[in-house]
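This report describes the fold of a single chain, from its overall form to one selected position. The sequence and the structure are shown first.

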Amino acid sequence: QVQLVESGGGLVQAGGSLRLSCAAPGMIFRIETMSWYRQAPGKQRELVASITRGGSTNYADSVKGRFTISRDNAKNTVTMQMNSLKPEDTAVYYCNANSGYAYWGQGTQVTVSS
């Protein structure tokens with residue numbers, strides 16, 4: 001069974017930056033879309049950013065201009081650079097890979113202090 005491996009979460013002050021990475025070792029199926037979702041306490045999981053195999057990106061309005069998603073198709077990895085972080089960005093961030101079946105990572109905590 002394929003498991004996504006996430007890294008890069010942590011604690012940062014408002015205005016700071018973090019870089020999240022996700023890998024899909026052992027994936028034998030073609031991954032069409034890779035995405036990052038987040039879930040804050042008491043809130044529903046929401047899409048933060050996604051990128052297709054061809055490189056088309058989509059961002060939540062709340063992160064446009066601050067977050068950048070990228071991927072390496074050969075390595076089955078996705079990265080999200082998060083700049084100008086705000087306390088409202090605090091959440092558990094989940095990596096998602098869609099090959100017709102959705103695979104999820106275990107989540108990584110991002111905490112932004114004011």
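Which residue in the hairpin of β5 and β6 takes a positive phi? In this hairpin, which has four residues between the strands, that residue is Gly55, with a phi near 100°. The model under discussion is predicted.

## Overall architecture

The chain contains 11 strands and zero helices. Read from the N terminus, the order of elements is therefore β-β-β-β-β-β-β-β-β-β-β.

A compact globule of 114 residues would have a radius of gyration near 13 Å, and the chain agrees with this value at 13 Å. Along the principal axes, the C-alpha atoms occupy a box of roughly 40 × 25 × 20 Å. Of the contacts with a separation of 6 or more, 51% involve residues 24 or more positions apart.

## Surface and charge

Buried residues make up 40% of the 114 in the chain.

The side chains include 11 positive and 7 negative ones. The centres of these two sets lie 3 Å apart.

Strand β5 (residues 46–52) is paired on the one hand with β4 (residues 33–39), to which six bridges join it in an antiparallel arrangement. One of the positions involved is Met34, whose bridge partner in β5 is Ile51. The hairpin of β4 and β5 has six residues between the strands, and Gly42 in this hairpin takes a positive phi near 80°.

On the other hand, β5 is joined to strand β6 (residues 57–59) by three bridges, and these two strands also run antiparallel. Here Ser50 stands opposite Asn58 of β6. The hairpin of β5 and β6 is the one that holds Gly55.

Which residues are in contact with Ser50, once its neighbours within four places in sequence are left aside? They are Thr33, Met34, Ser35, Ser56, Thr57, Asn58 and Ile69. Among them, Met34 is the bridge partner of Ile51, and Asn58 is the residue that Ser50 stands opposite in β6.

How values were computed
Residues numbered from 1 in each chain as written. Predicted model: local features only at pLDDT ≥ 70, side-chain atom pairs only at ≥ 80, totals over all residues. Heavy atoms only, no water. Pairing = 2+ DSSP bridges. Rg over C-alpha atoms; globule rule 2.2 N^0.38 Å. Buried < 20%, exposed > 50% of the residue type's maximum accessible area, 1.4 Å probe, protein only. Contact = heavy atoms within 4.5 Å. Lys, Arg positive; Asp, Glu negative; His and termini not counted. Charge placed at Lys NZ, Arg CZ, Asp CG, Glu CD.
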